[in-house]
Amino acid sequence: MTQDWTTADIPNLTDKTFVVTGTTSGLGTHSATELAKHGGRVIVTGRNPDKLSQTLATVASAATGPAPDAVQLDLADLGSISQAAEEIRALAPEIHGLLNNAGIMATPHNETKDGFESQIGTNHLGHFALTGLLLPNIPAHGHARVVTVSSLAHKRGKVVPSDLSYQNRRYDPWSAYGQSKLANLLFTLELAKLTRAAGWNLIAAAAHPGFSATNLLHAGPAIMQNQIARTVGDGFMKLVSQSAAEGALPSLYAATAPDVHNGDYIGPSGVMEIRGAPKKVGRSGAAKDALVAQELWSKSEELTGVTYDFAS
């Protein structure tokens, strides 16, 4: 892997279909646009129909292959996920790449429509359900990829499968965010194990954007709703962060580069993985815990009602 990998290195994606979550801003918009620019057929998703229409137009203007499609999806609502998955499966008989990109960060305590703590519900359980429901359209032997976006914050997370929604723990926005991002890596670990055992050629990989200038800070932490904090935060972001386009590179690498393998984790190559060209990076010890990964998988199936069938 070279240290200067850019979007110019994305291979020709003709005849490949990609589904990207959270495409109405930031990393998702850039990921979807680049995939379309390199010939892939892209299905963009998002909660807000007006923003989704704008994203569709942006991606369509860059597309060099098939025109993109849009499907409304709210990852905080299992009913919406089920409906969106049905629409996506009708649009795409074969899905070659699924980018589980959408997420919320360090939000005040809230619950999803189904009663899950909002961050674990959106960032992990929503993507767990979506991936499982789309699995019948992901070819077992076509070298398809499922890329799930994690974060440096996974290193401060602790996944407690029996108490994912903080019913018996004191809620802290950043701890809950860390739990959800650690869950993303444990999901990838278990998905890689299960598909390998089933003889699938699927690549389950994860990526993180380093410290990227997206709208997550403004849309998430309560402190950023204060105007003074927003001003200071914006200045700090400009000083140390990379752009959303640069932050999307690890996801794009994980989704398209030929040397990505099952279970890989891709992040920026710079100091402390804050910024830089994509490379394979390490993860915390907790993110390698096979027992917790298995427990989380079982609990996720129980909570979402979605089970994975690798028999086909």
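This is a predicted model: local features need pLDDT of at least 70, side-chain atom pairs count only at pLDDT 80 or more; totals for chains, interfaces and linings use all residues.
Me: How many aromatic pairs does the structure hold?

Reply: Rings of Phe, Tyr and Trp (its six-membered ring) pair if their centres lie within 6.5 Å; planes under 30 degrees apart count as stacked, over 60 as edge-to-face and the rest as tilted. The structure holds ten aromatic pairs. One of them joins Phe-128 and Trp-297 edge-to-face, at 4.9 Å centre to centre and 80° between the planes.

Me: Which parts of the chain does the pair of Phe-128 and Trp-297 tie together?

Reply: Helices (H or I, at least four residues) are DSSP runs, numbered from the N terminus. Phe-128 lies in helix α4 (residues 118–134) and Trp-297 in helix α10 (residues 290–304), so the pair ties together parts 169 residues apart in sequence.

Me: Is Phe-128 buried or exposed?

Reply: Buried means under 20% relative accessible area, exposed over 50%, and partly exposed in between (1.4 Å probe, protein chains only). Phe-128 is buried, with a relative accessible area of 1%. Trp-297 also counts as buried, at 7% relative accessibility. Phe-128 forms a tilted pair with Tyr-308 as well, at 4.9 Å centre to centre and 50° between the planes. This pair links helix α4 with the segment after α10, 180 residues apart. Ring pairs join Phe-128, Phe-187, Trp-200, Trp-297, Tyr-308 and Phe-310 into a cluster.

Me: Which residues have the most contacts inside the largest nonpolar core?

Reply: A nonpolar core is a set of buried Ala, Val, Leu, Ile, Met, Phe, Trp, Tyr and Cys residues joined through side-chain atoms within 4.5 Å. The largest has 35 residues, and those with the most contacts inside it are Leu-191 and Tyr-308. Helices α3 (78–91), α4 and α5 (173–197) each supply at least two residues of this core. Apart from it lies another core, of 28 residues, among them Ala-32, Ala-205, Ala-255 and Ile-266.

Me: How many residues of helix α9 are buried?

Reply: Helix α9 (residues 249–256) is mostly covered, with eight of its eight residues buried. These include Leu-249, Tyr-253 and Ala-255.

Definitions and conventions:
Residues are numbered from 1 along each chain as its sequence is written. Side-chain values use heavy atoms; hydrogens and water are left out.
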